[in-house]
Amino acid sequence: MLWVCITLPHLALDGVLRRRSDDVPLVLVDGPANARCVVAANASAQDAGLYVGQRLTAAQALLAQFEAMPYDAAEADRWQRFLAGVAYRYSSQVALLPQAIVLEISRSRSLLGEWQTIERSLRSDLSALGFRHDIAAAPTPHAAQVLASIKDGQAVLTREVMQRALEAVPLVKSHLPEHAVDALSRMGIRRLGQLLCMPRDGLQRRFGAELLQTIDRLLGDAPAGLELYVPPDAVDWRIELSHEVENIAALVFPIKRMTSDLAAYLSGRDGGVQRFALQLEHRGGKATEVPVGMLLPERDANVLFEATRGRLEQVQLPAPVLSLRLMANDLPGFVPAGRDLFDERPANALPFEQLRERLRARLGDRAVYRWGATIDPRPEHSQCTTILDDNFIEPRTRPTWLLPKPIPLRGMLRILAGPERIETGWWDGDAVRRDYYIVETEQGQRAWVYCAPDEQCGWMLHGWFA
Amino acid sequence: MGTVVALSNLLEARQVWRGRSTAPVEGGQPTGWLMLDAVLPAHGWPEASLTEILLPADGIGELRLVLPTLARLTQGQRPVMLIAPPYAPCAMGWRQQGVSLQRVEIVDADEKHVLWAAEQCLRSGSCAAVLAWPQQADDRSLRRLQVAADTGRALAFVFRDRRYLANASPAALRLELAAWPQPSIWVRKCRGGNAPTQAIPFEPHIKAPGCRDKAPHTAVIPTKADTCGEQMDMLEFEERGIRFLPISRGE
């Protein structure tokens, strides 16, 4: 067993910062209304002298202009669950601890590589999403959590090394029950190693069974007893904007974040999304809904973003937008498109699927299609947009352009070939009885025309031999 | 004197060329028309460039000119894009010319978006060829297409009315189709060589072997029965629910 612990010391603040592109001083505050305290401060606020634990009134005295937002525990919890979904890509055993996520990677190593490789790619995922983090690995989840809070990047791979590493840990950082830590440090016991040497029955008598259980879990002598994370089957995320947004261009940044989150989440559960909806929420509970649909399930961040942006460009905002909501109920499986080893496309080519979604987003959902020939001899029914994999080739010449609706053709004509009578379709109410000719017009065009049987007048143009 | 410029660089860039003394690099994009290939500097379409085809009217063989190329390209992996074609491509007619329709994507775009869509397709690098029918295209927008074709290494074809011939164009190759007095192609501009002064005869319509041919350009239906389409294979018609009555030709 090898557990990785990702601690997220600035979870709530990172969750707020990642949807803003500016760098104004910002703090999160919490506590009763008359004694509000700073619980998190961003870099520019810290530069100005604000610190965690400071009274809000003191902070206001120090700095005239800064933004204070209430700390939202539910929001932080949502981010933690989101990151657990991202971590789910690395392991099927993911669990949540306070301000931390643990995952078991010993069985993923044959797929993802050694610990260093996994660590690097975890870090790059988290940094790309904008979350500061510390990572450590140990044979038990709680030991990994303790080590991560001591020093970032520690990895102990065996039980013996873990035991030695834990012995040096100060008790205050050992995540043991608080009343025990208080009492033990007053007794002169400062390190975990000293505690582990003490007789168990004495400890149990003095501190109860809870302390011993925690120690056993820490060392792996008792099962960790974690409740494993199960990714939800539907996505429903909401972002509140910091101010009212009146033009679409200002929504691009938060939407880019949302779609890349969606991509990260989808690759975590190895799925794709074909249809999702973006709701632009206005004052008074009204919302503009922007449905986004793609031809195939996708999970690439760029494809999702481009598809959303293309739909959004056509939206007229009736009122300022207060918040965004992204909903996806149907998350089908994702099958990546196969590529040739000797691909003839240039190296930096945009995948064709992405190009097609881009065109559909701007030109409409039905704007890009293929034609296939059917075996119906009536020209009006001879083709459809579903490709029939058919090798039948009509032995009589057919034009290359077909008019969607025949139109009268006037002027001098010279008959080159024909007639070819098409008389069919009586069974479906669209009976056709025509003589088709190939004619040449005065301008030298070759046309495919028809007339009533045996008449050779009243020509109707139906196609061009272009 | 400034820096010395190697002559070979200038020649490779095709900004300076030696009349007809050396054969330019042969491109990998033959047009499928031997007489046209023979006069073009690259012995085919200019690679990754814009070709402008000017027409007096629709239906004089403009598609037959490019269909051999499309038939060859659609055997590959990359699709061919048709952007805002003036009519619906007749699936069976294209299939008769050897085009695999699985690799042909049609894009319906309104007038404002034709050039945008063409540029996106060309620039993406995932298309083998892009055929566009813009109603209005100026020098600037054509230049954008030329640059995009070069970026995405794709063939670009733009079909326009003949009246734009007088306007300058950044296309690497400009062809004018003429139907009168006989079908022919005029090469109006070709990068890397002098445009030939004579029209190239062009027979856009297939002739079946052994046909009793009176008029010089009588097109003939290539049926199994080789009698100028007057008598067709009745069995085959009846199998497919068509009744066919032979009628004498009204000439």
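Me: Two strands pair if DSSP finds at least two bridges between them. How many bridges join strand β2 of chain A to β3(A), and which way do the two run?

Reply: Four bridges join β2 (residues 26-30) of chain A to β3(A), and the strands run antiparallel. Four meets the requirement of at least two bridges, so β2(A) and β3(A) count as a pair. Strands here are DSSP runs of E with at least two residues, and helices are runs of H or I with at least four, numbered from the N terminus.

Me: Good to know. What sort of model is this, and how are things numbered?

Reply: This is a predicted model, where local features need pLDDT of at least 70 and side-chain atom pairs count only at pLDDT 80 or more, while totals for chains, interfaces and linings use all residues. Residues are numbered from 1 along each chain as its sequence is written, chains are lettered from A and ligands numbered from 1 in the order in which they are written, and side-chain values use heavy atoms, with hydrogens and water left out.

Me: Why do β3 and β4 of chain A count as edge strands?

Reply: The open sheet has three strands in the order β3-β2-β4 (chain A), with mixed pairing. β3 (37-41) and β4 (67-70) each have a single partner strand, so one side of each is left without a neighbour in the sheet. The twist averages 40° from one strand to the next.

Me: Why is the packing of α4(A) on α13(A) called oblique?

Reply: Helix α4 (residues 73-87) and helix α13 (residues 252-268) of chain A pack at about 50°, with their axes 7 Å apart. Angles under 35 degrees are roughly parallel, over 145 roughly antiparallel, 65 to 115 roughly perpendicular and the rest oblique. About 50° falls in the rest, which makes α4(A) oblique to α13(A). In the contact (heavy atoms within 4.5 Å), A:W79, A:F82, A:G85 and A:V86 of α4(A) meet A:D261, A:A264, A:Y265 and A:G268 of α13(A).

Me: What makes A:D216 and A:R200 a salt bridge?

Reply: The term asks for a side-chain nitrogen of Lys or Arg within 4 Å of a carboxyl oxygen of Asp or Glu. The N to O distance for A:D216 and A:R200 is 3.1 Å, so the pair qualifies. A:D216 lies in helix α12 (residues 209-219) and A:R200 in helix α11 (residues 200-207) of chain A, 16 residues apart. Over all chains, the structure holds 40 salt bridges.

Terms used. Axes are lines fitted to C-alpha atoms, for helices over the stretch in contact, and angles run from 0 to 180 degrees between N-to-C directions.
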